Amino acid sequence: MQTPMSLDRFRSIVAAYGADPERWPDAERDAAQALAGRSLDARRALDEARRLDRTLDRLVPPALSSDFAARLAVRLAAPVERPPLLLWVILGPAWRVAAMALVAVLGVYVGLEVERRSTQIYDDQEIAGWMSGAPDTMDEFLEID
Amino acid sequence: MERLAFDRADNDDALIRRIADGDSSAWPALVERYATMLMRCAWRVLGDRSEAEDVAQECFVRLMGKAAGWQPDGAPLKTWLYRVAVNLSIDRKRARRTRSLDDVAEPTDEGRGALGADRRLDQRRRVRDALDDLPERQRLALVLVHYEGMSQQEAAAVLALTVDALESLLARGRRRLRERLADVAADLMDE
């Protein structure tokens, strides 16, 4: 035995799904159609929804291009493009973390080393050692006879 | 011929298994089954046939990547493909923020007179614009249910919504369209 549908529920269905019973919820289709058969108000709601359906149906999609399948076949047969960061993709999450940690450690090391060399204070003996082979005059430096 | 008959009888999961096994002869059946619907769905979001076909092709490319790990007990292929098409279309639409109307002018009115053709073209443009102006989820709900003929459960699954939420989106979307397109509807009554 089918439960009769209320006019309110019918209006809600038609407001959401339109006038075509094919689009109505399966479980409520029969009851809704039965109500439409006996209620003038239901038929008015249906007419209003049908006007909008008809308007929306003006938007007709284009057909698929005739070469769609051929283009797709080429695309599917093409080797998969390797992204520039292939390694990043291949590496799993654990390796990614390890790679990032390695880069961070290297970055810190290089930074500290640059800092150390730019601020290092040399003692007199080191400087004298470097200067021992240095030319005494500018001419000698420029190798002018 | 025997192969074709087998293809038609194959269900989606069997076709995907064949693709995972490297059997490219499974593609034509899948393309025949789903290419048009994917392109149509993308076109209704994007309004451009070339882009819509790109989206449809990308869906198949992604399916190829997914085939090996396909779980037959997961979402049905149709739902999965629609979900990919919808997401790709939204991404493209958001990226460009503009819309081509080229494809609205499909020349399907030959022989009916220039005036009638112009009028129909104008009607299509206005429907297109009205749909475009809807909030994204309302538009997608309408595309899937009204245009693609999906059941409530299928459309709700694609959009990851409850059926009640879907119904609410549809009702609000249709109400806005009815207000916006009242004069087009009246125009059509006169035809």
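**Chain A meets chain B**

Between chain A and chain B, the count is five salt bridges; a salt bridge here is a side-chain nitrogen of Lys or Arg within 4 Å of a carboxyl oxygen of Asp or Glu. Keep in mind that this is a predicted model, where local features need pLDDT of at least 70, side-chain atom pairs count only at pLDDT 80 or more, and totals for chains, interfaces and linings use all residues. Residues are numbered from 1 along each chain as its sequence is written, chains are lettered from A and ligands numbered from 1 in the order in which they are written, and side-chain values use heavy atoms, with hydrogens and water left out.

**Charged pairs**

- Side chains of opposite charge can pair when their charged atoms come close.
- One salt bridge joins A:Arg71 to B:Glu53, with the closest N and O atoms 2.5 Å apart.
- In another, A:Asp53 meets B:Arg174 at 2.8 Å, N to O.
- That pair crosses between chains, going from helix α3 of chain A to helix α9 (residues 163-180) of chain B; helices are DSSP runs (H or I, at least four residues), numbered from the N terminus.
- Over all chains, the salt bridge count comes to 23.

**The interface as a whole**

- On chain A, 33 residues are in contact (heavy atoms within 4.5 Å) with 43 residues of chain B.
- The two chains bury about 3,700 Å² between them, and carbon and sulfur atoms give 61% of that; buried area is the accessible area (1.4 Å probe) that two parts lose on being put together, summed over both.
- A:Arg58, A:Leu59 and A:Pro62 supply 21% of the area that chain A buries against chain B, more than any other three residues.
- You'll also find 17 residue pairs in polar contact across this interface, both residues being at pLDDT 80 or more. A polar contact is a pair of N or O atoms within 3.5 Å; within protein, one must be able to donate a hydrogen and the other to accept it, and residues adjacent in sequence count only if both atoms are side-chain atoms.

**Two helices in chain B**

- Helix α7 (residues 136-147) and helix α8 (residues 152-159) of chain B have axes that come within 9 Å and cross at roughly 145 degrees. The axes are lines fitted to C-alpha atoms over the stretch in contact, and angles run from 0 to 180 degrees between N-to-C directions.
- B:Leu140, B:Ala141, B:Leu144 and B:Val145 of α7(B) make the contact with B:Ala155, B:Val158 and B:Leu159 of α8(B).
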